[in-house]
Amino acid sequence: MTARNGKRYLLATRPGEKFSTPEVECCFEILNVPVTRISERRFEDSEIRRIVDFGPEAIAFTSEMGAGIFFRDLSQRLKLRNVDFYGIGPVTCSAVRKEGFDCISPDRRDSEGLAHLLAGEKRDHRVLLFRSGQANKILDETLRDRGVEYLPVKAYDVVSMPQVSSDIFLSEDCFGIVF
């Protein structure tokens, strides 16, 4: 398979909801072939009450998707005036800033970096972790080991898509895959 304009291509496998075509002119195209999709959760009243009763003093997001879901579905239920926001990286923090809140991200833009930032800055605070149901356990383990009170909330699931034909991955015009 050749890209639409006859150029070679690099494949991305991001969920369609999370992919945006880079605005860079180049000698190749970036094609997205989603192998997963996002399945948002509906929050039951009991879970919303649990979050409100927890009274988070800090809220941490591991994705732009999670931040968007939080502000759309839950933010109006919480008092956010004195809450600090944390994001795993600049794109996630950008989603928080669009809602009018400051956001801090770690120098190391991964779960471990966010965990160390929260465990250092928010050791004596209640932290709400708002993320994917398939999130790795590094945040939980680090916060638990450092005695941080936290509440994990599953905002969405990442679900496998039906199989995609391997032709697009095996073509000589495909020179790389980004997961």
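**Notes on the fold**

1. Let me start in a loop: Arg42 sits between strand E3 and helix H1. Helices here are DSSP runs of H or I with at least four residues, strands are runs of E with at least two, and both are numbered from the N terminus. At 60% relative accessibility, Arg42 counts as exposed. The classes used throughout are buried for under 20% relative accessible area, exposed for over 50%, and partly exposed in between, with a 1.4 Å probe and protein chains only. Arg42 and Tyr156 are 114 residues apart along the chain, yet their C-alpha atoms are separated by 8.8 Å.

2. A word on the basis of these notes. This is a predicted model, where local features need pLDDT of at least 70 and side-chain atom pairs count only at pLDDT 80 or more, while totals for chains, interfaces and linings use all residues. Residues are numbered from 1 along each chain as its sequence is written, and side-chain values use heavy atoms, with hydrogens and water left out.

3. Now the overall picture. The protein chain has six helices and eight strands, in the order β-β-β-α-β-α-β-α-α-β-α-β-α-β from the N terminus. Its C-alpha atoms fill a box of roughly 55 × 35 × 30 Å along the principal axes. Of the 179 residues, 42% are buried. Among contacts (heavy atoms within 4.5 Å) with a separation of 6 or more, 61% join residues 24 or more positions apart.

4. For the surface, the protein chain exposes about 10300 Å², and carbon and sulfur atoms supply 47% of that. These areas come from the Shrake-Rupley method with a 1.4 Å probe; for residues, only the protein chains shown count as cover. There are 26 positive and 28 negative side chains, and the centres of the two sets lie 3 Å apart. Lys and Arg count as positive and Asp and Glu as negative, while His and the chain ends are not counted; each charge is placed at NZ of Lys, CZ of Arg, CG of Asp or CD of Glu.

5. Which residues of H1 are buried? In this helix (residues 45-54) they are Glu47, Ile48, Ile51 and Phe54. Seen down the axis of H1, they fall within an arc of 125 degrees, so they line one face of the helix; the arc is that of the directions from the helix axis to the C-beta atoms. The buried residues of H1 pack against strand E6 (126-132) and strand E7 (149-160). Just after H1, Gly55 takes a positive phi of about 60 degrees.

6. Glu47 deserves a look of its own. This H1 residue counts as buried at 11% relative accessibility. Leaving aside neighbours within four places in sequence, Glu47 is in contact with Arg41 and Val153.

7. Helix H2 (residues 64-73) buries Met65, Gly66, Ala67, Ile69, Phe70 and Phe71. The cover over these residues includes strands E3 (36-40), E4 (58-61) and E5 (84-87), together with H3, E6 and E7. In strand E6 you will find Val127, which is buried with a relative accessible area of 0%. Val127 and Ile59 are 68 residues apart in sequence and 5.6 Å apart in space, C-alpha to C-alpha.

8. In H3, the buried residues are Thr92, Cys93, Ala95 and Val96. They cover an arc of only 150 degrees around the axis, which puts them on the same side of H3. Their packing partners are E4, H2 and E5.

9. The structure holds one disulfide, a term that here means a pair of cysteine sulfur atoms within 2.5 Å. The partners are Cys93 and Cys103, with their sulfur atoms 2.3 Å apart. Cys93 lies in helix H3 (residues 90-97) and Cys103 in the loop between H3 and helix H4 (111-121), so the pair ties together parts that are 10 residues apart in sequence. With -60 degrees about the S-S bond, the link is left-handed. Cys93 is buried at 0% relative accessibility, and Cys103 is buried at 3%.

10. Finally, Ser105 is also found in the loop between H3 and H4. Ser105 is partly exposed, with a relative accessible area of 27%. Leaving aside neighbours within four places in sequence, Ser105 is in contact with Gly87, Ile88, Gly89, Pro90, Cys93 and Leu117. The C-alpha atoms of Ser105 and Ile88, 17 residues apart along the chain, are separated by 5.5 Å.
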